[in-house]
Amino acid sequence: MSKIVMIQAYFGELPNFFELWLHSAKNNLDIDFLIFTDDNVSKYNLSPNIKVVNISFSEVSSLISKKIKMDISIENPYKMCDFRPFYGVIFDEYLYRYSHWGYFDFDLYFGQLNKFITSDLLNEYDKIGIYGHLTILKNEKKVMDVILNRDNWPYSLEYMLTSKKLFALDESGGMNILFSSPELKQKQLVISDINYMLPIWSDVRFDCAYQFFFVDKGKVYIARSSDEKKEILIEEVAYIHYQKRVVRYSNIDMDKPFYFSNDGIFNFTEDKFNSLVFSSEITKGYRKKYILKNAIKKFYMYLTNTSSFSIKIKKTQRRWRKIFSEETPTNIIRVEKL
């Protein structure tokens, strides 16, 4: 029987949306969550599937050096993202009871995960999830052997792990490259990843003029419509990732339907649904403006050598991205004609 534990190592004050994440974790009691942190969590009501290990950042840094046999000195906690692929070794004493382990971010709201991460999927694939905000791996020697083999990585592991730069080894800069080999199988999840380049909430997969993100009965949905406003497509997803955004919420009942917006998170009733879906228009011109702005910023980073990504990594990324472009996830559960 499959049993999953998800790991997060977070240092400093927990984010303002931690309680929001907690609520969604409580709705997934069949998955265990293991949090390593130096913050005090005593004020939170933790469900039985959440375990917290209080540990300092320096202690974790020393543990990493010991477990991966490399002299490591981490200055920025965000650099922990590059060490996530090695959590199976770093935190191995906590993993012996589990068939799978993984890592995740707090800026997620989980839907009904077991609907998307099924036993069949866990048995068939070595890696589920192609993004660092949620990745699940088989707790098997075969998988860790691939990760620990230094010849599999695009550059020297010593160079990447001791550098102050962030290489995104937990996803596109490393793990997705490693698992794109024919011997291993990885699977993309049906999720909603919010485009951080746009001020208005927009899923990175869609080019729709109208998009609305909401939660109802512990399930996460996207409602979207084209500029013709002929119909609303409603899709259920495993979770929503609201990356690089400050999420404001107060006085909301998370056991009732609520939606995400630029102004915060709010409850809503069914009679307001259509008007909320069409409350913000994302035109193609609007998207191009902000995407171009971000492209210029990234190009400047390349010119000034402040970007961690190289041409070598970018070329390798194209290979695995092509694989997943052929299976764009869709899970339309309802269509409302207007």
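Student: Leaving aside its neighbours within four places in sequence, which residues is histidine 23 in contact with?
Tutor: Beyond those sequence neighbours, histidine 23 is in contact with Tyr109, Met254 and Asp255, where contact means heavy atoms within 4.5 Å. This is a predicted model, in which local features need pLDDT of at least 70 and side-chain atom pairs count only at pLDDT 80 or more, while totals for chains, interfaces and linings use all residues. Residues are numbered from 1 along each chain as its sequence is written, and side-chain values use heavy atoms, with hydrogens and water left out.

Student: Where is histidine 23 placed, and what polar contact does its side chain make?
Tutor: Histidine 23 belongs to helix α1 (residues 18-26); helices (H or I, at least four residues) and strands (E, at least two) are DSSP runs, numbered from the N terminus. Its side chain makes a polar contact with the side chain of tyrosine 109, at 2.9 Å. A polar contact here is a pair of N or O atoms within 3.5 Å, where within protein one must be able to donate a hydrogen and the other to accept it, and residues adjacent in sequence count only if both atoms are side-chain atoms.

Student: And does histidine 23 count as buried or exposed?
Tutor: Histidine 23 counts as buried because its relative accessibility is 15%, the classes being buried under 20% relative accessible area, exposed over 50% and partly exposed in between (1.4 Å probe, protein chains only).

Student: OK, aromatics next. How many aromatic pairs does the structure hold?
Tutor: There are 40 aromatic pairs in the structure. Rings of Phe, Tyr and Trp (its six-membered ring) pair if their centres lie within 6.5 Å, and planes under 30 degrees apart count as stacked, over 60 as edge-to-face and the rest as tilted. One of these pairs is tryptophan 21 with phenylalanine 33, which is edge-to-face, with 5.3 Å from centre to centre and 85° between the planes. That pair links distant parts of the chain, with tryptophan 21 in helix α1 and phenylalanine 33 in strand β2 (residues 31-37), 12 residues apart. Both tryptophan 21 and phenylalanine 33 are buried.

Student: Why is the pair of tyrosine 210 and phenylalanine 278 edge-to-face?
Tutor: The ring centres of tyrosine 210 and phenylalanine 278 are 4.9 Å apart and their planes lie at 70°, so this pair is edge-to-face. It too links distant parts of the chain: tyrosine 210 is in strand β10 (residues 210-216), and phenylalanine 278, 68 residues apart from it, is in the loop between α9 (273-277) and α10 (284-303). Tyrosine 210 is buried, and phenylalanine 278 is buried as well.

Student: Which residues form one aromatic cluster?
Tutor: One cluster is formed by Tyr10, Phe18, Trp21, Phe33, Tyr44, Phe104, Phe106, Phe110 and Tyr239.

Student: What about the lysine over the ring of tyrosine 125, which one is that?
Tutor: The charged end of lysine 185 sits over that ring, 4.9 Å from the centre of tyrosine 125, where a charge sits over a ring if NZ of Lys or CZ of Arg is within 6 Å of the ring centre and within 35 degrees of the ring normal. Lysine 244 lies over the face of tyrosine 196, at 4.7 Å from the ring centre.

Student: Last one, histidine 133. Where is it found, and what does it touch?
Tutor: Histidine 133 is found in the loop between β6 (127-131) and β7 (134-138), and it is buried, with a relative accessible area of 4%. Not counting residues up to four places away in sequence, histidine 133 touches residues including Tyr103, Phe104, Glu171, Asp193 and His241. The C-alpha atoms of histidine 133 and cysteine 81 are separated by 9.5 Å, although these residues are 52 apart along the chain.
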